[in-house]
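Visitor: I am new to this structure and would like to learn how to read its features, one at a time. Could you show me the model and then begin with a helix?

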Amino acid sequence: ITEEKTQKHLPDNTAFKQQRLPAWAPILSAKSTLPIFFIVSIAFVPIGVVLLVTSEAVVEFQYDYTDCIINQSSMTQPCTCVINITLGTSMDGNVYAYYGLTNFFQNHRRYVKSRDDNQLFGVHVATTSVSTSCAPYNLFNDNGTIRPIAPCGAIANSMFNDTFTFSQGSAQVPIVRTGIAWPTDYSVKFNNPFPTNDLDQAFSQYAKPSNWQKPVQSLDRNLSTNNGYKNEAFIVWMRTAAFSHFRKPYGILNRVAGYTNGLPSGQYTLLVDYNFPVTAFGGRKRFILSTTSWMGGKNSFLGVAYIVFGGMCFIGGILLTMIHLHARNTREMSLISRLHH
Amino acid sequence: NKVQTTKYTVLSFLPKNLFEQFHRFANCYFVFIVLLNFVPQVGAIQPFVSMAPVIVILFIQAVKDLFEDYGRYKSDVEINSAECFVLKSSDDKYHKMKWSDLQVGDIVRVVCNSVIPADILLLHSSDPDGICFIETSNLDGESNLKQRMVVPKHWGDVNNHEFYPKEFKSIIECQTPNNEIYKFHGNMIPANGGEKISVNNSNLLLRGCVIRNTDYVEGIVLYAGHETKAMLNNNGPRYKRSKLERRMNTDVIYCVVLLLVMCLIGSVGNGIWASNMSNIEQAELFIPNEENGEALNPALSGFYMFWTMVILLQVLIPISLYVSMEIVKWGQVHMINSDIDLYHKETDTPIRCRALNITEDLGQIQYVFSDKTGTLTENKMIFRRCTIGGVDYPHAANGESPITFLLPNAGPKPVNADDENAVKSAPNSPAASRRARETDVTPDPVLYEKLISTPYSTFACNEAIWDFFINLAICNTVVISNDSDDSVTASTTPDPYSVSTSIIPSLFLLSTIFVLSFAKIEPLYVTNQFFSSFYNVRMQSYPILNQQSTATSVKESPLESKDLQSPIFTSKNGMRHEIIQHQQLPSTCPPFILLITLFPFQQISTPVLNTKLNTKPKFSYHDSESPDEAALVYAAHAYGCVLAHRSSHGGKESVTITLPDGGGKLEFEVLHKLPFDSTRKRMSVIVRDPRNGQITLYCKGADSAILSALRRDQQDDSNNSTDIINRTKQYLDKYGRVGLRTLCISKRVLTEAEYSEWEQLHRAAERDLENRDQMMINSFVRMEDNLELLGATGIEDRLQDGVPETIEALRQAGIQVWVVTGDKRETATNIGRSCRLIHQNDEVIELITETPEALSELLDTTISSQDNKRGKLPEIQHQTTLDFVLGTGNRDQPDTLVKEIADKFVLLARRCRSVLCCRATPLQKGMVLKLIKDKLHVMTLAIGDGANDVSMIQVADIGVGLSGQEGMQAVMSSDYALAQFRFLKKLLLVHGHWNYARLASMVLYFFYKNAAFVFLIFWFQILCGFSGGNMIEQSYLLIFNLIFTSVPPLVNGVLDKDIDAATLLKKPELYMQGIKDELYLQRTFWINMLDALYQSLIIFFFLYVIYLDTEVGLIEWGTVVTTAAVFVILIHLGIETKTWTWIHWVCQIGSVLVFFAYSLIYNIVCATCLPPSNPYFVMERVIQTGQFWFSILLVTAVALFPR
């Protein structure tokens, strides 16, 4: 008892409190670092090769059609242009059609926030209480009556509205415009307002965005599941791109008769409904066809970077090894010479 | 008397707490950012989201404050509702009352062992002598009892001891409430117009103290509640800013500058970009117009952009760093506190960190200023020698043979010992010191014989020997306690048989009690033979006794046989029972009596003097102001002059001593006490000698203080006395040289006329309220003059264990060690030598002058001679070392440290390897330290144990207090409290180094981490038209620092060890890193920033190229970036981590898992929240792509490869 009493302030003698926990102390020395160089290079170069091969296997076709029409001025004035396309190689497997935009800043802060997620979620927003984040694209003065815009905001207002008709000879290549949005976006984030089975009624209170040619309930009259907010082209557009140079999916090749293996090589015609103005701000528009791999689209940078980095590690490792050996030799030499004298 | 220490009331809590919190810069910054977010043009993040962290932090702090306050409230209630006895004038009886209802002027009764409720003027005590004892440990930590006296009675029936409050009618004048615990004075003016009576500290009972040894006391409340000295002394915890923190703050400013620059770039870029775009009609497509439909003015847009950037890049200012540092330091303190190596077993004291926020300063100390007494030494005073009338009397202590000095002019006791040897064999063997106890004084046989052969009564009262011992016995402030609680417990062991019979009954018969009387030398043999036979028997049954001790017992003198007990004694927790039968002692027995004492295990025998037997069990002394006093009293005790009793009767104090041989008592009437102070360096008592009625002043004090006040005519009075003074001086020098503390003992016989004249003046001085202190000192000095030198004492103060090693190690670590002491030069240099501060072949420069001018000159010549010798470079590390003794003999050193001299002194001192400052007053200690700190801008540490070190401890960057013998004042004012000097080694070399290294790397890491993260967002501005766009999801942005990357650096800050403890202790040179700031330079800061820049560039642009021209969404890509950043930043820390324990692994892997878990869960539960970034299902999608994983791997590898 006295033992305990007299030492009641004795600190606990535990490994933690005495800072004696078993510890692994990596020591950086030539012996431990040199292998790291070689291991990294051995791991990275093959990965790079695989990635590069995968990327090279992707067939991609791009056509910049920005200049097929001159004097185009506004989104709401449609015109068309016809482009002849030659596919040099066949595109096997799933073929995706994209439109690509350049110099279009979908990542601008004020642009990005100019939307109303609740509206798109299907919440019936009372006439004048569309989110102010959409301003000034939230309300439309329709001859004195203020009507909310559906869908509101700059993003929706600037929706890409060129359409492509891709055909081989007289036969149209079946490109479906569904399945391009994220399934979760389609099923959860985007919902039409009530009554969902009668979109004309549902959107009757709303005005269309000023740049649009037709209201939201007319985006796809043919397919009711692809209409209103649930239009996949619209959903895709609403997911703002990270950079000003981006592409967005337009449609997927429907692999029906004649196209079961993909898109065969040959002559094709592309009919563009040219609406979307980009020339004024120096933007470009592209039509893209591409197959995909497990790594996504064509991108050789990743593979090359792996190979280069692995190679650099290898060279660095060899250099360091030589320096190390040389240093050791000179040390030994000097030791020997000192011993001799 | 109601006390309220709480800061808040229920109503005021919210506003007041918020107000207090907003006093912190960090919180204001946060709130400013949040408010910015509410401005729609500027807002980058959802305002309510951005509020979350602020609210969390404010909430946590508020809850913490609330808990603290609630604790205070509870203790307040407890204290306020404590009960005490208060007199009610209605029925003249004491009634129970709550403390809170007490008022100034109430008359209170406090009973034994209860706490004093307010500051009370003592009017009555149950003790017939009018004294009471209080324990002030609640106030200053000193556990000894202090005596307080009743105010001299001057009302009612003065001679009646009883106290009738009704009769008490007086006006009390006193100072306004102040916080000086040790100072109080006032006057009491009797209502009936009597003489003013001065009251002082000795009449005041302070709140918080405890009444001891007195049944009850009664007094009048002078200060109550918050005005009590205890409450006024109640300061909050110390706050110091560490060097690293100061350094860090400059870097924070750099961060602010960097932030502003980045914001400006963003803002200007935005302006230019916007003005380019404003000409283009269609740009409206992605640059939304203002609400009024107009395009935004580029200049205005740039202005908005600036603030948006401030919000986005806010993390660059590492606000979280302050919080993290507090947590880490708390952890470090915890680690230091629980270090078992810093725990002192003997006194059961672990180290205590009192300052929480300067742990890393321990790793950067450049100068250590140490007190000598009690810090380097044990401060267990052992009376070792004395000189009386010019004759030296050495005392054996613990079996060491006494060293005798040989005076050149043939002292009366010529011994052929070599003087050099005597100095060398200075008694510092650590083995002996552990056993040393101040109570063990072995009288010198010669002196003892002299003393008893000249009985006091036959002397004409001016025999020096008698006066000497009487002085030792009565001229002090030692409190006598009759408690039998000490180690000497003879009277409490009623039956010795019961102790030991149970162990070995048969042997016990042998060892019951032997009292052997023997002549001085001859009977040695008898005892030894007896001992050996005794122990041989014992050996068989108790193998604990080893061979060595048996041998010792046979070989050496009976005095030495005390060594026998050591192996067993130390293992026994000090439980000792002495069996003493003093009845058997013949009163005429010779000085040496061997007495066998029994210990629980029965092996111990101790020779004890018969004189001790009679008296020692009866008294134990609670030492008061200094342990020296106790040592002197014990010494007198050993010679039979026993301080037996103090009493004060109706204002008359008296002190009783008993004389050797049971020869009766002498009761001295104490006319005055002239207490010790550091200016006079001496104390005196004026007593009326009962032997002849003479008024005598007994004075003891520092030799300089006494020697300068000696009787002037003594020089030519008689040859004899001059001779005595000279010889005493010589002995004093020698004592000093072997490291003894010296005190001079003197007396002065006063005539009645002299006394009454002085008394008149003194009373006047006492009554003066304004200049009282100065006048009192003047009055004292006037009295302490014309002294007659009786002799001098040498008290030994042994070095603590491990002191030389510690000093050596500190020095190797590049720390300059200075010793600043109040001791005399000889003592100081000697201690300096014995603790290896001064080496054998060191050159010692001594600066001892009388006047400032001379000092200045001396400094000049010394500096120039040093310049000649070693060239002009003022370097600290010279091959040849150089020691410096600042021994200003003059009393006013503050004046000598005038600017010019100070400069020269510093110039010289910085080139010295170590400096010893002697004869320093407490104030001077602080001044010396401040001088060095200010002139050289170095980190200083002061270590000391006594009240005289407080100024030094407070001035230093780090104050270390030793919880030693001299109370707790040093500890109370210190940042770290240690039990032993040697602990300093591990504290500095190991904990200091670790904490410095840890914190330095943590701070750098935080800067790096925040910068790397912020740079990512900054680069993005280039891509998004400097619009303040942000690819990183808002909640990541806010909790990235808070959760994802916060724990591992904290763990590192507490646990990482760059070098293990054993290596640090073995190679003190490693400490230099901290001194030279090597781990955290301006350069390292920028290197870290560059690292952050590089890594952010790699992460950002690699991922940009990889994801360029793909369908990747803004937030999707931001998620990839964030993930890469988490990996890079965490692995970066992993590379920085020097030692990996399982805690590190858990935290590192845990952090990554938490990040993924958070993002996966958060991205799935919320489909519409947090617009515009709304990350629904992003993470889920991202981790399904190979691109993501391969990019992360590549980026992480490339970003971290340079490391």
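Guide: The expected span of a helix is 1.5 Å times one less than its number of residues, so the 15 residues of α30(B) should span 21 Å, and the end C-alpha atoms, 22 Å apart, agree with that. This is a predicted model, in which local features need pLDDT of at least 70 and side-chain atom pairs count only at pLDDT 80 or more, while totals for chains, interfaces and linings use all residues. Residues are numbered from 1 along each chain as its sequence is written, chains are lettered from A and ligands numbered from 1 in the order in which they are written, and side-chain values use heavy atoms, with hydrogens and water left out.

Visitor: Which residues of α30(B) are buried?

Guide: The general idea is that an α-helix has 3.6 residues a turn, so residues three or four places apart point the same way. Buried means under 20% relative accessible area, exposed over 50%, and partly exposed in between (1.4 Å probe, protein chains only). In α30(B) the buried residues include Gln924(B), Lys925(B) and Gly926(B), and also Val928(B), Leu929(B), Leu931(B), Ile932(B) and Leu936(B). Just after this helix, His937(B) takes a positive phi of about 50 degrees.

Visitor: What should I make of a positive phi, and where else does one occur in chain B?

Guide: Most residues other than glycine have a negative phi, and most peptide bonds are trans. Phe1026(B), which is not a glycine, has a positive phi of about 45 degrees; this residue sits in the loop between α33 and α34 of chain B and is buried, with a relative accessible area of 18%. Phe1177(B), also a residue other than glycine, has a positive phi near 65 degrees and is placed in the loop between α40 and α41 (1178-1182) of chain B.

Visitor: Which peptide bonds of chain A are cis?

Guide: One cis peptide bond joins Ala150(A) and Pro151(A), with omega about -10 degrees, and Pro151(A) is in the loop between β6 (145-148) and α5 (154-157) of chain A. Another joins Phe194(A) and Pro195(A), with omega about -5 degrees, and Pro195(A) is found in the loop between α6 (183-189) and α7 (199-202) of chain A.

Visitor: How do I read the packing of two helices, and what is the angle between α34(B) and α40(B)?

Guide: Two packed helices are described by the angle between their axes and the distance between the axes. Axes are lines fitted to C-alpha atoms, for helices over the stretch in contact, and angles run from 0 to 180 degrees between N-to-C directions. Helix α34 (residues 1034-1044) and helix α40 (residues 1142-1165) of chain B pack at about 150 degrees, with their axes 11 Å apart. Angles under 35 degrees count as roughly parallel, over 145 as roughly antiparallel, 65 to 115 as roughly perpendicular and the rest as oblique, and α34(B) and α40(B) are therefore roughly antiparallel to each other.

Visitor: Which residues of α34(B) meet α40(B)?

Guide: Contact means heavy atoms within 4.5 Å. Among the residues of α34(B) that meet α40(B) are Tyr1036(B), Ile1039(B) and Phe1044(B), while those of α40(B) include Val1154(B), Phe1155(B) and Tyr1158(B). By class, this contact has 8 nonpolar, 4 polar and no charged residues, where Ala, Val, Leu, Ile, Met, Phe, Trp, Tyr, Cys and Pro count as nonpolar, Asp, Glu, Lys and Arg as charged, and the others, Gly among them, as polar.

Visitor: Where does Ser114(A) lie, and is this residue buried or exposed?

Guide: Ser114(A) is in the loop between α3 (109-112) and α4 (117-120) of chain A, and is buried, with a relative accessible area of 1%. Not counting residues up to four places away in sequence, Ser114(A) touches residues including Ser133(A), Cys152(A) and Pro288(B).

Visitor: How many helices and strands does chain B have?

Guide: Chain B has 42 helices and 35 strands, and buried residues make up 59% of its 1203 residues.

Terms used. Helix = DSSP H or I, 4+ residues; strand = E, 2+ residues; numbered from the N terminus.
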